[in-house]
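This briefing covers one protein chain and two parts of it in more detail. Please keep the sequence and the 3D view open while reading.

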Amino acid sequence: MPHDHSDHPHALLPPDPALRVKALETILTRKGLIDPAALDEIIDTYQTKVGPQNGARVVARAWSDPAFKAALLADADPVLSELGYYGRQGEHMVVVENTPEQHNMVVCTLCSCYPWPLLGIPPGWYKSDAYRARAVRAPRAVLSEFGVTLPEGTRVRVWDSTAEVRYLVLPMRPEGSEGLDENALAALVTRDSMVGTGLPKTPGAP
């Protein structure tokens, strides 16, 4: 006889993923296993407060304020803490600067250590075995797969993020961005450019 799934709880959940999540949330709330207010706060944090927009603001300020940039590169922790970017997954930060001579790239070879307060939750590719292994062995090949081709004379340095130290790449300011304010500059900064697998947008680019 075919197995009848109608008695299973999951058979009562709606097919739409969003509705399934809501139904599960309702069930768990009724059982006293979650607090809806706490859940809403967590969702709001990751939707509006934590994400690459934070790192972009830091980069934009570094591009436009030489004193801020110098302090950031010398000792990032107190600078970032003053801006409110600290805590879980961002306890100790080091900022490394891209230059015409050196391009920096970040990986976590052991797991997926990542600066959440500045960049949000790590993307899937950052956590993949392929990226974690190949970023160290063949960084230029990996960069080319991300669409980044560097001049032959530019060396690539790979930084291994750990539970103790996390890195943020300060990309080079794009040409044509002179005169832009910090908000306009922040719009040019991409998440990947702060990991080192991408470059900032150029002004006027889509």
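**A loop threonine and a helix with one buried face**

The side chains of T109 and D160 are joined by a polar contact of 2.6 Å. The model is predicted.

**T109**
- T109 sits in the loop that runs between strand 2 and helix 6 (116-119).
- With a relative accessible area of 28%, T109 is partly exposed, since the partly exposed class lies between under 20% for buried and over 50% for exposed.
- Leaving aside residues up to four places away in sequence, T109 touches R132, V136 and D160.
- T109 and A133 are 24 residues apart along the chain, and 6.6 Å separates their C-alpha atoms.

**Helix 8**
- Helix 8 spans residues 129-137, and its residues Y131, R132 and A135 are buried.
- Viewed down the axis of helix 8, the buried residues fall within an arc of 100°, so they line one face of the helix.
- An α-helix has 3.6 residues a turn, so residues three or four places apart point the same way.
- D129 and R137 are exposed and lie on the face of helix 8 turned away from its buried side.
- The cover over the buried residues of helix 8 includes strand 2 (102-107), helix 7 (124-127), helix 9 (139-145), strand 3 (155-160) and helix 11 (191-195).

**Whole chain**
- The chain contains 11 helices and four strands.
- Of its 206 residues, 36% count as buried.
- Among contacts with a separation of 6 or more, 66% are between residues 24 or more positions apart.
- The accessible surface of the chain is about 11,900 Å², and 57% of that belongs to carbon and sulfur atoms.

Terms used:
Residues are numbered from 1 along each chain as its sequence is written. This is a predicted model: local features need pLDDT of at least 70, side-chain atom pairs count only at pLDDT 80 or more; totals for chains, interfaces and linings use all residues. Side-chain values use heavy atoms; hydrogens and water are left out. Buried means under 20% relative accessible area, exposed over 50%, partly exposed in between (1.4 Å probe, protein chains only). Helices (H or I, at least four residues) and strands (E, at least two) are DSSP runs, numbered from the N terminus. The arc is that of the directions from the helix axis to the C-beta atoms. Contact means heavy atoms within 4.5 Å. Accessible areas come from the Shrake-Rupley method with a 1.4 Å probe; for residues, only the protein chains shown count as cover. A polar contact is a pair of N or O atoms within 3.5 Å; within protein, one must be able to donate a hydrogen and the other to accept it, and residues adjacent in sequence count only if both atoms are side-chain atoms.
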